[in-house]
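Below are some notes for a colleague who is looking through the model. They begin with the interface and then turn to the individual chains and the charged pairs.

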Amino acid sequence: MTIMLVTITTVYLKQGFDTESNRFEVPLYYFIMLFVLFAYGEGVYGLI
Amino acid sequence: MKQLHLFLENIGLKLQDTALLLMRLVLAYGFYDPAMNKFKNMESVGGWFEAMGYPLPYFSAYLVAGMEALGVLLLITGFAVRLISIPLMIIMIVAITTVHLKHGFDAGSNGFEVPLYYFIMLFTLFAFGSGKYSLTYLLCGKKRA
C-alpha cells in the first residue's frame, strides 16, 4: 500500500542530506526515485 | 486506511508528469559533465577505451560522447525520450560492468551505485515516457505519454 511508501518517504526526508558522503548527489537520486514511486505507486510486484 | 491510500493515490496521480520531468532533468544534468569532458579530451578517452579493449575505441568514444550529448538535449526538451534511453542504458551497463563493478557498490569509492541509479531512472523513462511537460506531448498530444 501507499502507506509503506509514505513511511519510507518520511524516514528518508528525516535523514536529510547524507553527511557521510558529503554530497547531495545520491540522496537527491533517492528522493527523485521515491517521488516517482509516490506518483505511480508500487506496481503489481508487491506484497500488499 | 483505504481512504488514506486513495487520498495519497489521487495526489500521486497529479504528480506523475512532474516526477518524469524531474527524472529527465536530473539525468540530463548528470550526463552533461561526462559528455562535455569527453568532447574536450577525445584523444585520451579514445586511448582509455583502447586500453580497456573496447572494439573500435576512437569511434566508440565519439559515439558515446555523441549519445550522451544528444541525451542531454533530448531529456531536457522531452523529445524521443524512449528512443535515446536505450543507448544511454547500454552505455550505463557497459560503464558498470567494465569500470565500476570492481570498485564495489559505494559511490564514494567509484562503485556502480550512481550508474545503476541512472540505469533505473532511464528504464523508468523508457517505460513511462516523457510525460506532459515535454516536446513530445506538445507535438503529439495525448497520444504519446
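1. Chain A and chain B bury about 1,900 Å² between them, with 82% of that area on carbon and sulfur atoms; buried area here is the accessible area (1.4 Å probe) that two parts lose on being put together, summed over both. A:Tyr29, A:Phe35 and A:Tyr40 supply 31% of the area that chain A buries against chain B, more than any other three residues. In terms of contact, that is, heavy atoms within 4.5 Å, 16 residues of chain A meet 24 residues of chain B.

2. This is a predicted model, in which local features need pLDDT of at least 70 and side-chain atom pairs count only at pLDDT 80 or more, while totals for chains, interfaces and linings use all residues. Residues are numbered from 1 along each chain as its sequence is written, chains are lettered from A and ligands numbered from 1 in the order in which they are written, and side-chain values use heavy atoms, with hydrogens and water left out.

3. Chain A has two helices and zero strands, these being DSSP runs (helices H or I, at least four residues; strands E, at least two) numbered from the N terminus. Of its 48 residues, 29% count as buried, where buried means under 20% relative accessible area, exposed over 50% and partly exposed in between (1.4 Å probe, protein chains only).

4. In chain B, helix H1 (residues 2–40) has 39 residues and should span 57 Å at 1.5 Å a residue, which agrees with the 55 Å between its end C-alpha atoms; the expected span is 1.5 Å times one less than the number of residues.

5. B:Asp17 forms a salt bridge with B:Lys132, the closest N and O atoms being 3.8 Å apart. B:Asp17 lies in helix H1 and B:Lys132 in the loop between helix H5 (113–128) and helix H6 (135–140) of chain B, so the pair ties together parts that are 115 residues apart in sequence. B:Asp17 is buried at 17% relative accessibility, whereas B:Lys132 is partly exposed at 38%.

6. B:Lys38 pairs with B:Glu68 in a salt bridge whose closest N and O atoms are 3.1 Å apart. B:Lys38 is buried at 13% relative accessibility, and B:Glu68 is buried at 3%.

How values were computed:
Salt bridge = Lys/Arg side-chain N within 4 Å of Asp/Glu carboxyl O.
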